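Please find below some notes on the model. They cover the chain contact and the salt bridges.

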Amino acid sequence: MVENRPWANLIAHLVLIAGVALVVFPVYVAIIASTHSLSGLLQGTLPLLPGDQGIENYKLMWQSGVSNAGAPPAGLMLWNSFVMAMAITVGKLFISLLSAFAIVYFRFRFRMFFFWLIFVTLMLPVEVRIIPTFQVVADLNMLNSFAGLSIPLIASATATFLFRQFFMTIPEEMLEAARVDGAGPLKFFKDILMPLSVTNIAALFVIMFIYGWNQYLWPLIITTDPDYYTIVMGIQRMTSEENPQWHLVMAALVMAALPPVLVILFMQRLFVKGLTETEK
Amino acid sequence: MQTKRMTYPGRFLPYALLAPQVIVTLIFFIWPAGQALYQSLLREDAFGLKTTFVGLENFARLFRDGAYLNSLSVTVVFALGTTLLSMAAALLLASTVNRMLRSRSTYTTLLVWPYAIAPAIAGVLWWFIFNPSIGIVPYMLDMVGYQWNHRTSGADAMLLVIFAAAWKQISYNFLFFLAGLQSIPQSLIEAAAIDGASPIKRFWTIIFPLLTPTTFFLMVVNVVYAMFDTFAIIHATTEGGPAQATNILVYKVYADGFVGLNLGSSAAQSVILMVIVVALTMIQFRFIERRVNY
(Lines give C-alpha, C1' and ligand atoms only; values in the text may rest on other atoms or scores of the structure.)
Protein backbone atom coordinates (compact mmCIF):
# COMPACT_ATOMS: atom_id res chain seq x y z
CA MET A 1 0.00 0.00 0.00
CA VAL A 2 1.38 3.34 -1.03
CA GLU A 3 -0.66 5.98 0.76
CA ASN A 4 -3.09 6.07 3.62
CA ARG A 5 -6.70 6.30 2.53
CA PRO A 6 -8.98 5.22 5.36
CA TRP A 7 -12.10 5.13 3.19
CA ALA A 8 -10.46 3.02 0.52
CA ASN A 9 -9.35 0.59 3.20
CA LEU A 10 -12.85 0.31 4.57
CA ILE A 11 -14.25 -0.36 1.09
CA ALA A 12 -11.54 -2.92 0.44
CA HIS A 13 -12.43 -4.80 3.61
CA LEU A 14 -16.11 -4.71 2.69
CA VAL A 15 -15.37 -6.08 -0.79
CA LEU A 16 -13.31 -8.90 0.67
CA ILE A 17 -15.86 -9.76 3.33
CA ALA A 18 -18.57 -9.89 0.66
CA GLY A 19 -16.31 -12.08 -1.50
CA VAL A 20 -15.56 -14.48 1.34
CA ALA A 21 -19.24 -14.61 2.25
CA LEU A 22 -20.17 -15.47 -1.31
CA VAL A 23 -17.53 -18.20 -1.46
CA VAL A 24 -18.54 -19.66 1.91
CA PHE A 25 -22.31 -19.37 1.49
CA PRO A 26 -23.04 -22.61 -0.46
CA VAL A 27 -20.98 -24.67 1.97
CA TYR A 28 -22.60 -22.96 4.97
CA VAL A 29 -26.02 -23.87 3.60
CA ALA A 30 -24.87 -27.47 3.13
CA ILE A 31 -23.61 -27.74 6.70
CA ILE A 32 -26.84 -26.25 8.05
CA ALA A 33 -28.98 -28.55 5.92
CA SER A 34 -27.09 -31.60 7.16
CA THR A 35 -28.25 -30.87 10.72
CA HIS A 36 -31.97 -30.87 9.99
CA SER A 37 -34.46 -33.63 9.36
CA LEU A 38 -35.83 -34.06 5.86
CA SER A 39 -39.25 -32.73 6.82
CA GLY A 40 -37.52 -29.69 8.37
CA LEU A 41 -35.94 -28.97 5.01
CA LEU A 42 -39.05 -29.56 2.94
CA GLN A 43 -41.43 -27.24 4.80
CA GLY A 44 -41.28 -23.96 2.97
CA THR A 45 -37.84 -22.50 2.68
CA LEU A 46 -34.40 -23.58 3.77
CA PRO A 47 -33.51 -22.85 7.41
CA LEU A 48 -30.40 -20.75 8.02
CA LEU A 49 -29.67 -21.88 11.57
CA PRO A 50 -28.48 -25.33 12.65
CA GLY A 51 -31.05 -27.93 13.61
CA ASP A 52 -30.78 -30.74 16.14
CA GLN A 53 -30.60 -33.78 13.84
CA GLY A 54 -26.91 -33.37 13.00
CA ILE A 55 -25.51 -36.29 14.97
CA GLU A 56 -28.24 -38.69 13.83
CA ASN A 57 -27.80 -37.72 10.17
CA TYR A 58 -24.06 -38.19 10.16
CA LYS A 59 -24.29 -41.42 12.13
CA LEU A 60 -26.91 -42.83 9.77
CA MET A 61 -24.94 -41.83 6.69
CA TRP A 62 -21.66 -43.13 8.11
CA GLN A 63 -22.98 -46.51 9.23
CA SER A 64 -25.71 -47.54 6.83
CA GLY A 65 -25.85 -45.08 3.95
CA VAL A 66 -28.90 -44.92 1.72
CA SER A 67 -28.97 -48.38 0.24
CA ASN A 68 -32.21 -48.01 -1.74
CA ALA A 69 -30.61 -45.03 -3.54
CA GLY A 70 -27.53 -47.11 -4.32
CA ALA A 71 -25.31 -45.41 -1.78
CA PRO A 72 -23.40 -47.71 0.58
CA PRO A 73 -22.28 -46.45 4.03
CA ALA A 74 -20.20 -43.28 3.82
CA GLY A 75 -17.43 -44.86 5.90
CA LEU A 76 -16.85 -47.42 3.15
CA MET A 77 -17.07 -44.85 0.35
CA LEU A 78 -14.61 -42.54 2.12
CA TRP A 79 -12.20 -45.43 2.51
CA ASN A 80 -12.53 -46.28 -1.19
CA SER A 81 -11.91 -42.64 -2.12
CA PHE A 82 -8.87 -42.57 0.12
CA VAL A 83 -7.39 -45.76 -1.36
CA MET A 84 -8.01 -44.55 -4.90
CA ALA A 85 -6.55 -41.08 -4.24
CA MET A 86 -3.47 -42.51 -2.54
CA ALA A 87 -2.91 -45.10 -5.29
CA ILE A 88 -3.17 -42.43 -7.98
CA THR A 89 -0.90 -40.01 -6.10
CA VAL A 90 1.84 -42.48 -5.21
CA GLY A 91 1.69 -44.08 -8.66
CA LYS A 92 1.95 -40.74 -10.45
CA LEU A 93 4.87 -39.55 -8.32
CA PHE A 94 6.72 -42.85 -8.64
CA ILE A 95 6.54 -43.27 -12.41
CA SER A 96 7.12 -39.56 -13.06
CA LEU A 97 10.27 -39.47 -10.92
CA LEU A 98 11.65 -42.51 -12.74
CA SER A 99 10.95 -41.16 -16.21
CA ALA A 100 12.25 -37.68 -15.44
CA PHE A 101 15.44 -39.28 -14.10
CA ALA A 102 15.84 -41.32 -17.29
CA ILE A 103 15.26 -38.31 -19.53
CA VAL A 104 17.66 -35.97 -17.72
CA TYR A 105 20.50 -38.25 -16.67
CA PHE A 106 20.83 -40.61 -19.61
CA ARG A 107 21.49 -40.23 -23.29
CA PHE A 108 19.85 -42.96 -25.33
CA ARG A 109 18.11 -43.61 -28.61
CA PHE A 110 14.51 -42.35 -29.02
CA ARG A 111 14.83 -40.07 -25.98
CA MET A 112 12.94 -37.31 -27.74
CA PHE A 113 10.35 -39.76 -29.00
CA PHE A 114 9.57 -40.91 -25.46
CA PHE A 115 9.49 -37.34 -24.24
CA TRP A 116 6.81 -36.46 -26.80
CA LEU A 117 4.92 -39.66 -26.08
CA ILE A 118 4.61 -38.58 -22.45
CA PHE A 119 3.71 -35.05 -23.53
CA VAL A 120 0.75 -36.37 -25.52
CA THR A 121 -0.96 -37.61 -22.35
CA LEU A 122 -1.36 -33.97 -21.37
CA MET A 123 -3.67 -33.50 -24.31
CA LEU A 124 -5.99 -36.46 -23.88
CA PRO A 125 -8.25 -35.92 -20.87
CA VAL A 126 -10.20 -39.02 -19.90
CA GLU A 127 -13.55 -37.35 -20.64
CA VAL A 128 -12.58 -37.04 -24.30
CA ARG A 129 -11.67 -40.67 -24.94
CA ILE A 130 -14.01 -42.19 -22.42
CA ILE A 131 -15.59 -44.99 -24.45
CA PRO A 132 -12.48 -46.63 -25.94
CA THR A 133 -10.70 -46.35 -22.56
CA PHE A 134 -13.63 -48.05 -20.91
CA GLN A 135 -13.42 -50.85 -23.51
CA VAL A 136 -9.70 -51.35 -22.83
CA VAL A 137 -10.27 -51.57 -19.07
CA ALA A 138 -13.18 -53.96 -19.58
CA ASP A 139 -11.05 -56.19 -21.83
CA LEU A 140 -8.34 -56.27 -19.18
CA ASN A 141 -10.91 -57.38 -16.56
CA MET A 142 -10.19 -54.35 -14.43
CA LEU A 143 -13.78 -53.22 -13.85
CA ASN A 144 -14.76 -53.08 -10.17
CA SER A 145 -11.24 -53.10 -8.79
CA PHE A 146 -8.84 -50.62 -7.26
CA ALA A 147 -6.41 -51.32 -10.08
CA GLY A 148 -9.02 -50.23 -12.60
CA LEU A 149 -9.83 -47.14 -10.55
CA SER A 150 -6.24 -45.96 -10.32
CA ILE A 151 -3.84 -47.35 -12.95
CA PRO A 152 -5.46 -45.73 -16.02
CA LEU A 153 -5.11 -42.34 -14.33
CA ILE A 154 -1.51 -42.49 -13.15
CA ALA A 155 0.32 -41.38 -16.29
CA SER A 156 1.37 -37.80 -15.65
CA ALA A 157 2.99 -35.41 -18.06
CA THR A 158 2.84 -32.48 -15.63
CA ALA A 159 4.67 -34.30 -12.86
CA THR A 160 7.29 -35.60 -15.30
CA PHE A 161 7.87 -32.06 -16.62
CA LEU A 162 8.11 -30.58 -13.16
CA PHE A 163 10.68 -33.13 -12.04
CA ARG A 164 12.62 -32.73 -15.29
CA GLN A 165 12.69 -28.97 -14.75
CA PHE A 166 13.86 -29.45 -11.19
CA PHE A 167 16.55 -32.01 -12.05
CA MET A 168 17.95 -29.59 -14.64
CA THR A 169 18.61 -27.04 -11.87
CA ILE A 170 20.64 -29.48 -9.78
CA PRO A 171 24.35 -28.59 -10.18
CA GLU A 172 26.42 -30.76 -12.51
CA GLU A 173 28.95 -31.20 -9.72
CA MET A 174 26.54 -33.43 -7.81
CA LEU A 175 26.69 -36.08 -10.48
CA GLU A 176 30.42 -35.63 -11.02
CA ALA A 177 31.13 -36.05 -7.30
CA ALA A 178 28.84 -39.06 -7.11
CA ARG A 179 30.53 -40.73 -10.07
CA VAL A 180 34.01 -40.02 -8.74
CA ASP A 181 32.95 -41.72 -5.53
CA GLY A 182 31.72 -44.66 -7.56
CA ALA A 183 27.95 -44.29 -7.10
CA GLY A 184 25.90 -46.07 -9.76
CA PRO A 185 22.76 -44.49 -11.29
CA LEU A 186 20.30 -46.09 -8.89
CA LYS A 187 22.35 -45.16 -5.86
CA PHE A 188 22.63 -41.59 -7.15
CA PHE A 189 18.86 -41.50 -7.66
CA LYS A 190 18.07 -42.89 -4.23
CA ASP A 191 20.66 -41.06 -2.11
CA ILE A 192 21.06 -37.73 -3.87
CA LEU A 193 18.12 -36.93 -6.17
CA MET A 194 15.31 -38.14 -3.92
CA PRO A 195 16.42 -36.24 -0.80
CA LEU A 196 16.85 -33.07 -2.89
CA SER A 197 13.35 -33.44 -4.37
CA VAL A 198 11.46 -33.82 -1.09
CA THR A 199 9.81 -30.38 -1.19
CA ASN A 200 8.75 -30.81 -4.80
CA ILE A 201 7.39 -34.27 -4.11
CA ALA A 202 5.39 -32.95 -1.15
CA ALA A 203 3.99 -30.03 -3.16
CA LEU A 204 2.90 -32.31 -6.00
CA PHE A 205 1.52 -34.79 -3.50
CA VAL A 206 -1.02 -32.21 -2.31
CA ILE A 207 -2.17 -31.38 -5.85
CA MET A 208 -2.33 -35.02 -6.98
CA PHE A 209 -4.19 -36.13 -3.87
CA ILE A 210 -6.91 -33.57 -4.51
CA TYR A 211 -7.03 -34.61 -8.17
CA GLY A 212 -7.39 -38.26 -7.20
CA TRP A 213 -9.95 -37.69 -4.47
CA ASN A 214 -12.16 -35.61 -6.77
CA GLN A 215 -12.30 -38.11 -9.65
CA TYR A 216 -15.88 -38.50 -10.81
CA LEU A 217 -16.58 -39.80 -14.29
CA TRP A 218 -14.02 -42.61 -14.17
CA PRO A 219 -15.25 -44.28 -10.95
CA LEU A 220 -18.82 -43.68 -12.09
CA ILE A 221 -18.49 -45.78 -15.23
CA ILE A 222 -16.13 -48.55 -14.16
CA THR A 223 -17.73 -49.46 -10.83
CA THR A 224 -21.05 -51.28 -10.71
CA ASP A 225 -20.32 -53.02 -7.41
CA PRO A 226 -21.27 -50.79 -4.42
CA ASP A 227 -18.20 -52.10 -2.55
CA TYR A 228 -16.06 -49.91 -4.83
CA TYR A 229 -18.16 -46.75 -4.90
CA THR A 230 -16.28 -43.59 -4.05
CA ILE A 231 -17.87 -40.80 -2.04
CA VAL A 232 -17.94 -38.17 -4.81
CA MET A 233 -19.83 -40.41 -7.21
CA GLY A 234 -21.98 -41.85 -4.41
CA ILE A 235 -23.40 -38.37 -3.81
CA GLN A 236 -24.49 -38.14 -7.42
CA ARG A 237 -26.34 -41.46 -7.06
CA MET A 238 -28.19 -40.09 -4.05
CA THR A 239 -29.23 -36.87 -5.81
CA SER A 240 -30.39 -38.53 -9.02
CA GLU A 241 -33.30 -40.14 -7.15
CA GLU A 242 -36.88 -39.00 -7.58
CA ASN A 243 -37.07 -37.44 -4.10
CA PRO A 244 -33.51 -37.03 -2.81
CA GLN A 245 -33.04 -37.24 0.95
CA TRP A 246 -31.34 -33.88 1.05
CA HIS A 247 -30.37 -33.97 4.72
CA LEU A 248 -28.36 -37.17 4.16
CA VAL A 249 -26.99 -35.95 0.82
CA MET A 250 -25.64 -32.85 2.55
CA ALA A 251 -24.13 -34.90 5.39
CA ALA A 252 -22.34 -37.09 2.82
CA LEU A 253 -21.29 -33.99 0.89
CA VAL A 254 -19.71 -32.39 3.94
CA MET A 255 -17.83 -35.62 4.67
CA ALA A 256 -16.67 -35.85 1.04
CA ALA A 257 -15.39 -32.27 0.96
CA LEU A 258 -13.69 -32.28 4.33
CA PRO A 259 -10.52 -34.34 3.64
CA PRO A 260 -9.28 -32.37 0.59
CA VAL A 261 -10.21 -29.03 2.21
CA LEU A 262 -8.26 -29.96 5.33
CA VAL A 263 -5.29 -30.95 3.17
CA ILE A 264 -5.32 -27.49 1.57
CA LEU A 265 -5.78 -25.60 4.83
CA PHE A 266 -3.00 -27.43 6.66
CA MET A 267 -0.57 -27.53 3.75
CA GLN A 268 -1.36 -24.18 2.19
CA ARG A 269 2.23 -23.25 1.43
CA LEU A 270 2.97 -26.56 -0.28
CA PHE A 271 -0.34 -26.37 -2.12
CA VAL A 272 0.38 -22.91 -3.54
CA LYS A 273 3.87 -23.99 -4.54
CA GLY A 274 2.58 -27.13 -6.21
CA LEU A 275 -0.19 -25.31 -8.05
CA THR A 276 1.81 -22.36 -9.37
CA GLU A 277 4.79 -24.47 -10.36
CA THR A 278 3.03 -27.32 -12.11
CA GLU A 279 1.09 -25.00 -14.34
CA LYS A 280 3.99 -22.88 -15.46
CA MET B 1 16.27 -30.54 -25.58
CA GLN B 2 19.35 -30.64 -23.43
CA THR B 3 20.49 -33.17 -20.87
CA LYS B 4 23.22 -32.81 -18.31
CA ARG B 5 26.75 -32.27 -19.61
CA MET B 6 27.73 -35.48 -17.92
CA THR B 7 25.35 -38.42 -18.06
CA TYR B 8 25.26 -42.04 -17.04
CA PRO B 9 25.98 -44.60 -19.72
CA GLY B 10 23.19 -47.10 -19.99
CA ARG B 11 21.91 -49.50 -22.55
CA PHE B 12 18.90 -50.96 -20.78
CA LEU B 13 18.43 -48.96 -17.62
CA PRO B 14 16.91 -45.79 -19.14
CA TYR B 15 14.33 -47.87 -20.99
CA ALA B 16 13.49 -49.78 -17.83
CA LEU B 17 13.04 -46.51 -15.94
CA LEU B 18 10.72 -45.17 -18.62
CA ALA B 19 8.81 -48.42 -19.03
CA PRO B 20 6.04 -47.94 -16.42
CA GLN B 21 5.09 -44.49 -17.69
CA VAL B 22 5.30 -45.52 -21.34
CA ILE B 23 3.28 -48.71 -20.86
CA VAL B 24 0.47 -46.88 -19.04
CA THR B 25 0.50 -44.19 -21.72
CA LEU B 26 0.35 -46.68 -24.58
CA ILE B 27 -2.40 -48.85 -23.10
CA PHE B 28 -4.65 -46.20 -21.59
CA PHE B 29 -3.96 -43.11 -23.72
CA ILE B 30 -2.55 -43.82 -27.17
CA TRP B 31 -4.49 -47.00 -27.88
CA PRO B 32 -7.93 -45.60 -26.88
CA ALA B 33 -7.22 -42.41 -28.80
CA GLY B 34 -6.35 -44.49 -31.85
CA GLN B 35 -9.54 -46.51 -31.35
CA ALA B 36 -11.59 -43.30 -31.26
CA LEU B 37 -9.92 -42.18 -34.46
CA TYR B 38 -10.64 -45.53 -36.12
CA GLN B 39 -14.24 -45.78 -34.89
CA SER B 40 -14.94 -42.26 -36.08
CA LEU B 41 -14.59 -43.60 -39.62
CA LEU B 42 -17.05 -46.46 -39.11
CA ARG B 43 -20.77 -46.81 -38.72
CA GLU B 44 -22.56 -49.61 -36.87
CA ASP B 45 -26.11 -50.56 -37.70
CA ALA B 46 -28.80 -50.36 -35.04
CA PHE B 47 -28.14 -53.86 -33.67
CA GLY B 48 -24.35 -53.63 -33.68
CA LEU B 49 -24.17 -56.57 -36.09
CA LYS B 50 -22.63 -54.95 -39.11
CA THR B 51 -19.96 -52.28 -39.29
CA THR B 52 -19.26 -50.37 -42.46
CA PHE B 53 -16.46 -48.02 -43.34
CA VAL B 54 -17.94 -44.61 -44.07
CA GLY B 55 -14.90 -42.35 -44.30
CA LEU B 56 -15.54 -38.83 -43.05
CA GLU B 57 -19.31 -39.26 -43.21
CA ASN B 58 -19.65 -39.17 -39.39
CA PHE B 59 -17.97 -35.77 -39.30
CA ALA B 60 -20.04 -34.42 -42.17
CA ARG B 61 -23.21 -35.55 -40.42
CA LEU B 62 -22.18 -33.85 -37.18
CA PHE B 63 -21.83 -30.49 -38.85
CA ARG B 64 -25.26 -30.88 -40.48
CA ASP B 65 -26.77 -31.98 -37.16
CA GLY B 66 -28.72 -29.22 -35.40
CA ALA B 67 -28.18 -30.84 -31.98
CA TYR B 68 -24.41 -30.80 -32.44
CA LEU B 69 -24.31 -27.21 -33.65
CA ASN B 70 -26.48 -26.29 -30.66
CA SER B 71 -24.02 -28.06 -28.38
CA LEU B 72 -21.17 -26.07 -29.94
CA SER B 73 -22.85 -22.75 -29.26
CA VAL B 74 -23.89 -23.83 -25.75
CA THR B 75 -20.25 -24.70 -25.06
CA VAL B 76 -19.07 -21.29 -26.26
CA VAL B 77 -21.59 -19.47 -24.05
CA PHE B 78 -20.75 -21.67 -21.06
CA ALA B 79 -16.97 -21.39 -21.48
CA LEU B 80 -17.03 -17.61 -21.98
CA GLY B 81 -19.47 -17.05 -19.13
CA THR B 82 -17.50 -19.18 -16.70
CA THR B 83 -14.15 -17.67 -17.70
CA LEU B 84 -15.28 -14.04 -17.53
CA LEU B 85 -17.23 -14.35 -14.30
CA SER B 86 -14.58 -16.33 -12.48
CA MET B 87 -11.63 -14.22 -13.67
CA ALA B 88 -13.34 -10.89 -13.00
CA ALA B 89 -14.28 -11.94 -9.46
CA ALA B 90 -10.80 -13.33 -8.83
CA LEU B 91 -9.05 -10.21 -10.15
CA LEU B 92 -11.20 -7.95 -7.96
CA LEU B 93 -10.49 -10.06 -4.89
CA ALA B 94 -6.77 -10.50 -5.63
CA SER B 95 -6.10 -6.80 -6.23
CA THR B 96 -8.02 -5.93 -3.07
CA VAL B 97 -6.17 -8.55 -0.99
CA ASN B 98 -2.89 -7.24 -2.38
CA ARG B 99 -3.57 -3.84 -0.72
CA MET B 100 -3.75 -5.47 2.68
CA LEU B 101 -0.76 -5.90 4.93
CA ARG B 102 -1.78 -7.67 8.11
CA SER B 103 -4.94 -9.42 6.94
CA ARG B 104 -3.57 -10.66 3.62
CA SER B 105 -2.85 -14.24 4.65
CA THR B 106 -6.16 -14.60 6.51
CA TYR B 107 -8.17 -13.55 3.47
CA THR B 108 -6.05 -15.76 1.22
CA THR B 109 -6.75 -18.80 3.38
CA LEU B 110 -10.47 -18.02 3.38
CA LEU B 111 -10.51 -17.78 -0.41
CA VAL B 112 -8.37 -20.72 -1.58
CA TRP B 113 -10.13 -23.76 -0.13
CA PRO B 114 -12.87 -24.13 -2.82
CA TYR B 115 -10.11 -25.47 -5.05
CA ALA B 116 -10.40 -28.69 -3.04
CA ILE B 117 -14.11 -29.15 -3.73
CA ALA B 118 -14.85 -31.66 -6.49
CA PRO B 119 -16.73 -30.22 -9.50
CA ALA B 120 -19.53 -32.72 -8.90
CA ILE B 121 -19.91 -31.51 -5.33
CA ALA B 122 -19.83 -27.87 -6.42
CA GLY B 123 -22.63 -28.69 -8.84
CA VAL B 124 -24.76 -30.38 -6.17
CA LEU B 125 -24.20 -27.47 -3.75
CA TRP B 126 -25.48 -24.88 -6.20
CA TRP B 127 -28.23 -27.21 -7.41
CA PHE B 128 -29.40 -27.39 -3.80
CA ILE B 129 -29.41 -23.68 -2.98
CA PHE B 130 -31.09 -22.91 -6.31
CA ASN B 131 -33.62 -25.75 -5.94
CA PRO B 132 -36.95 -24.26 -7.11
CA SER B 133 -39.03 -25.82 -4.33
CA ILE B 134 -36.78 -25.72 -1.25
CA GLY B 135 -33.78 -23.58 -2.25
CA ILE B 136 -33.00 -20.28 -0.60
CA VAL B 137 -32.11 -18.24 -3.70
CA PRO B 138 -35.36 -18.87 -5.65
CA TYR B 139 -37.19 -17.86 -2.46
CA MET B 140 -35.35 -14.51 -2.44
CA LEU B 141 -35.75 -14.06 -6.20
CA ASP B 142 -39.45 -14.69 -5.80
CA MET B 143 -39.67 -11.66 -3.50
CA VAL B 144 -38.39 -9.44 -6.32
CA GLY B 145 -40.77 -11.12 -8.72
CA TYR B 146 -38.56 -13.55 -10.62
CA GLN B 147 -39.70 -17.15 -10.98
CA TRP B 148 -36.49 -19.17 -10.97
CA ASN B 149 -36.81 -22.66 -12.40
CA HIS B 150 -33.80 -24.40 -13.89
CA ARG B 151 -35.89 -27.47 -14.67
CA THR B 152 -37.88 -25.67 -17.31
CA SER B 153 -35.91 -22.56 -18.24
CA GLY B 154 -32.78 -23.09 -20.32
CA ALA B 155 -31.38 -19.70 -19.37
CA ASP B 156 -31.77 -20.40 -15.66
CA ALA B 157 -30.08 -23.79 -16.04
CA MET B 158 -27.18 -22.23 -17.93
CA LEU B 159 -26.75 -19.56 -15.25
CA LEU B 160 -26.78 -22.25 -12.58
CA VAL B 161 -23.98 -24.31 -14.15
CA ILE B 162 -21.96 -21.16 -14.89
CA PHE B 163 -22.23 -20.10 -11.22
CA ALA B 164 -21.16 -23.53 -10.01
CA ALA B 165 -18.25 -23.78 -12.45
CA ALA B 166 -17.05 -20.22 -11.83
CA TRP B 167 -17.35 -20.53 -8.05
CA LYS B 168 -15.06 -23.53 -7.99
CA GLN B 169 -12.47 -21.85 -10.23
CA ILE B 170 -12.23 -18.51 -8.34
CA SER B 171 -9.60 -19.75 -5.90
CA TYR B 172 -7.32 -20.95 -8.71
CA ASN B 173 -7.54 -17.64 -10.59
CA PHE B 174 -7.16 -15.72 -7.35
CA LEU B 175 -3.85 -17.41 -6.51
CA PHE B 176 -2.40 -16.76 -9.96
CA PHE B 177 -3.54 -13.13 -10.02
CA LEU B 178 -2.12 -12.60 -6.55
CA ALA B 179 1.23 -14.07 -7.63
CA GLY B 180 1.17 -11.83 -10.72
CA LEU B 181 0.37 -8.74 -8.65
CA GLN B 182 3.16 -9.43 -6.22
CA SER B 183 5.71 -9.62 -9.02
CA ILE B 184 4.93 -6.05 -10.18
CA PRO B 185 7.72 -3.72 -8.96
CA GLN B 186 6.46 -1.55 -6.11
CA SER B 187 8.56 1.41 -7.37
CA LEU B 188 6.34 1.84 -10.45
CA ILE B 189 3.25 2.14 -8.31
CA GLU B 190 4.93 4.51 -5.88
CA ALA B 191 6.11 6.73 -8.73
CA ALA B 192 2.57 6.95 -10.09
CA ALA B 193 1.21 7.71 -6.63
CA ILE B 194 3.70 10.57 -6.21
CA ASP B 195 2.52 11.94 -9.54
CA GLY B 196 -0.97 11.98 -8.10
CA ALA B 197 -2.59 8.98 -9.81
CA SER B 198 -5.55 7.58 -7.87
CA PRO B 199 -5.69 3.87 -6.98
CA ILE B 200 -8.19 3.22 -9.78
CA LYS B 201 -6.11 5.08 -12.35
CA ARG B 202 -3.01 3.20 -11.17
CA PHE B 203 -4.83 -0.08 -11.59
CA TRP B 204 -5.91 0.50 -15.19
CA THR B 205 -2.77 2.23 -16.48
CA ILE B 206 -0.02 0.30 -14.68
CA ILE B 207 -1.15 -2.83 -12.90
CA PHE B 208 -3.59 -4.25 -15.42
CA PRO B 209 -1.24 -3.91 -18.45
CA LEU B 210 1.56 -5.55 -16.49
CA LEU B 211 -0.76 -8.42 -15.61
CA THR B 212 -1.47 -9.22 -19.28
CA PRO B 213 0.68 -12.39 -19.38
CA THR B 214 -1.09 -13.78 -16.31
CA THR B 215 -4.46 -12.83 -17.75
CA PHE B 216 -3.82 -14.56 -21.08
CA PHE B 217 -2.47 -17.65 -19.38
CA LEU B 218 -5.52 -17.83 -17.11
CA MET B 219 -7.88 -17.31 -20.03
CA VAL B 220 -6.54 -20.39 -21.79
CA VAL B 221 -6.54 -22.46 -18.60
CA ASN B 222 -10.09 -21.39 -17.78
CA VAL B 223 -11.40 -22.20 -21.23
CA VAL B 224 -9.81 -25.66 -21.00
CA TYR B 225 -11.33 -26.07 -17.54
CA ALA B 226 -14.79 -25.00 -18.69
CA MET B 227 -14.69 -27.25 -21.74
CA PHE B 228 -13.35 -30.45 -20.20
CA ASP B 229 -13.30 -30.46 -16.41
CA THR B 230 -16.90 -29.42 -15.95
CA PHE B 231 -18.37 -32.70 -17.12
CA ALA B 232 -19.15 -33.59 -13.50
CA ILE B 233 -21.03 -30.33 -12.88
CA ILE B 234 -23.33 -30.96 -15.84
CA HIS B 235 -23.75 -34.66 -15.11
CA ALA B 236 -24.52 -34.17 -11.42
CA THR B 237 -27.06 -31.39 -12.03
CA THR B 238 -28.82 -30.60 -15.30
CA GLU B 239 -27.71 -33.63 -17.38
CA GLY B 240 -27.62 -31.41 -20.42
CA GLY B 241 -31.20 -30.25 -20.09
CA PRO B 242 -33.68 -28.74 -20.16
CA ALA B 243 -34.11 -29.24 -23.91
CA GLN B 244 -30.34 -29.47 -24.57
CA ALA B 245 -29.76 -26.02 -23.08
CA THR B 246 -26.66 -27.08 -21.11
CA ASN B 247 -25.50 -29.99 -23.28
CA ILE B 248 -21.83 -29.03 -23.61
CA LEU B 249 -19.57 -30.96 -26.04
CA VAL B 250 -17.82 -33.12 -23.47
CA TYR B 251 -21.15 -34.16 -21.97
CA LYS B 252 -22.60 -34.93 -25.41
CA VAL B 253 -19.72 -37.33 -26.19
CA TYR B 254 -20.65 -39.31 -23.09
CA ALA B 255 -24.41 -39.08 -23.60
CA ASP B 256 -24.29 -40.12 -27.27
CA GLY B 257 -21.80 -42.91 -26.69
CA PHE B 258 -22.76 -44.41 -23.33
CA VAL B 259 -26.44 -43.69 -23.19
CA GLY B 260 -27.33 -43.37 -26.87
CA LEU B 261 -24.86 -46.07 -28.01
CA ASN B 262 -24.17 -44.14 -31.19
CA LEU B 263 -20.49 -45.13 -31.26
CA GLY B 264 -19.46 -43.73 -34.61
CA SER B 265 -20.85 -40.29 -33.92
CA SER B 266 -19.51 -40.25 -30.38
CA ALA B 267 -16.04 -41.23 -31.64
CA ALA B 268 -16.13 -38.46 -34.23
CA GLN B 269 -17.03 -36.00 -31.46
CA SER B 270 -14.10 -37.33 -29.40
CA VAL B 271 -11.74 -36.68 -32.29
CA ILE B 272 -12.99 -33.10 -32.68
CA LEU B 273 -12.53 -32.51 -28.95
CA MET B 274 -9.00 -33.90 -29.09
CA VAL B 275 -8.15 -31.48 -31.89
CA ILE B 276 -9.48 -28.62 -29.73
CA VAL B 277 -7.41 -29.73 -26.71
CA VAL B 278 -4.27 -30.01 -28.81
CA ALA B 279 -4.81 -26.51 -30.20
CA LEU B 280 -5.45 -25.02 -26.76
CA THR B 281 -2.42 -26.78 -25.26
CA MET B 282 -0.22 -25.41 -28.04
CA ILE B 283 -1.49 -21.87 -27.40
CA GLN B 284 -0.88 -22.34 -23.68
CA PHE B 285 2.73 -23.39 -24.25
CA ARG B 286 3.32 -20.50 -26.63
CA PHE B 287 2.30 -18.09 -23.89
CA ILE B 288 4.43 -19.76 -21.28
CA GLU B 289 7.47 -19.35 -23.50
CA ARG B 290 6.72 -15.69 -24.09
CA ARG B 291 5.52 -14.75 -20.65
CA VAL B 292 8.94 -13.54 -19.46
CA ASN B 293 9.35 -10.59 -21.83
CA TYR B 294 6.28 -8.46 -21.62
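Is E57(B) buried, exposed or partly exposed?

1. E57(B) counts as partly exposed, at 28% relative accessibility; buried means under 20% relative accessible area, exposed over 50%, and partly exposed in between (1.4 Å probe, protein chains only).

2. This is a predicted model, in which local features need pLDDT of at least 70, side-chain atom pairs count only at pLDDT 80 or more, and totals for chains, interfaces and linings use all residues. Residues are numbered from 1 along each chain as its sequence is written, chains are lettered from A and ligands numbered from 1 in the order in which they are written, and side-chain values use heavy atoms, without hydrogens and water.

3. E57(B) forms a salt bridge with R61(B), at 3.5 Å from N to O; the term requires a side-chain nitrogen of Lys or Arg within 4 Å of a carboxyl oxygen of Asp or Glu. R64(B) also meets E57(B) in a salt bridge, at 3.6 Å. R61(B) is partly exposed at 44%, while R64(B) is exposed at 59%.

4. In chain A, K187(A) and D191(A) form a salt bridge with the closest N and O atoms 2.7 Å apart. K187(A) is partly exposed at 48%, as is D191(A) at 37%. The whole structure holds five salt bridges over all chains.

5. Contact (heavy atoms within 4.5 Å) between the chains involves 116 residues from chain A and 100 residues from chain B. Across this interface the rule finds zero salt bridges. The side of chain B that touches chain A divides into 70 nonpolar, 23 polar and seven charged residues; Ala, Val, Leu, Ile, Met, Phe, Trp, Tyr, Cys and Pro count as nonpolar, Asp, Glu, Lys and Arg as charged, and the others, Gly among them, as polar.
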